[in-house]
Amino acid sequence: MEFFDSHAHYNDERYDEDREIILREIYASGVTNAVCVGYNFKKSELAVKIAQSHDFIYATCGISPNDIEDFSEENLKKMERLAQNKKVVAIGEIGLDYYWNKDNQNLQKEIFIQQIQMANRQNKPIVIHTRDAVMDTIEILKTYPVTKKGIFHCCPLNPELIKEGVKLGFYISFSGNITFKNAKPEKAIAQVPLERLLVETDCPYLTPEPFRGKRNDSTKVKWIVEKIAQLKGMPKEEIARVTYRNAKRIFEI
Ligand code: NI
């Protein structure tokens, strides 16, 4: 079985000691493609650097709603130059987070919109981070359509968001949170058509059961594939194959 981890952060400090070892391990485990996702300028730069030195790793660049202090006209210009690198497959993660940041909602929206426009100029999809901001996220996507669409990363298990997201042509990516004991992912997963489904680890965060509490990495994406297979009543090989193919399609790899 081959897996595509559509969202990982190998640019995180937690891999500084053993990044090369982990990347070899994940490839050997069958994760033959993974996207290293940026969230501010420096981490986007590092994502591109990692992607450039590993054939099977791709990168995204963008400023996340939790890294707003990184936003400036100058950084946005630098980001757009970075986005032209051929290993950059999307702009992200970008979006809205009213869970961690309630006080700067208008600024978050403005920066999200500016980066959607950048994605459209660069003809790339976007990777969306959205938390406690469902309606505003959907409204922005309707008002500022993304030419190449994109992905709801670590998609909240919110029926309205998934319904609208799918209708808008976006992909839905599930992470380790669907394996957590208190999660109720049945409905959400049933809502996503197979051809829009993606899997991700969001490592080093969101380590799936039964490894919760430990540092996450892409070898654990198979637990998410397994959980979805179980809920959809399908063989895990089929979920692995479908999510792999979907990721290649949206990232144009
Ligand atoms: Ni992330």
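Modeller: Let us begin with the core. A nonpolar core is a set of buried Ala, Val, Leu, Ile, Met, Phe, Trp, Tyr and Cys residues joined through side-chain atoms within 4.5 Å, where buried means under 20% relative accessible area, exposed over 50% and partly exposed in between (1.4 Å probe, protein chains only). This is a predicted model, in which local features need pLDDT of at least 70 and side-chain atom pairs count only at pLDDT 80 or more, while totals for chains, interfaces and linings use all residues. Residues are numbered from 1 along each chain as its sequence is written, and side-chain values use heavy atoms, with hydrogens and water left out.

Colleague: Which residues have the most contacts inside the largest nonpolar core?

Modeller: In soluble globular proteins, nonpolar side chains tend to be buried together. Here the largest nonpolar core has 67 residues, and Y10, I126, L141, F152, F174 and I228 have the most contacts inside it. Helix α4 (residues 105-122) gives the most to this core, namely six residues; helices (H or I, at least four residues) and strands (E, at least two) are DSSP runs numbered from the N terminus. A second, separate core of 14 residues includes I151, Y171, L198 and Y244.

Colleague: Which residues coordinate the nickel ion?

Modeller: Donors are N, O and S atoms within 2.8 Å of the metal (3.2 Å for Na, K and Ca); water is not among the atoms, so sites may look incomplete. The nickel ion is coordinated by H7 (NE2), H9 (NE2), E93 (OE) and D202 (OD) at 2.1 to 2.4 Å. Their spacing in sequence is H-x1-H-x83-E-x108-D. H7 and H9 are both buried.

Colleague: Why is the arrangement of the four donor atoms irregular?

Modeller: Four donors count as tetrahedral if all angles lie between 85 and 135 degrees; four count as square planar and six as octahedral if opposite donors are over 155 degrees apart and all others between 65 and 115; anything else is irregular. The four donor atoms around the nickel ion subtend angles of 83 to 173 degrees, which makes the arrangement irregular.

Colleague: Is S64 buried or exposed?

Modeller: S64 is buried, because its relative accessible area is 5%. This residue, S64, is found in the loop between β3 (57-61) and α3 (73-83). Contact means heavy atoms within 4.5 Å; leaving aside neighbours within four places in sequence, S64 is in contact with Y39 and E93.
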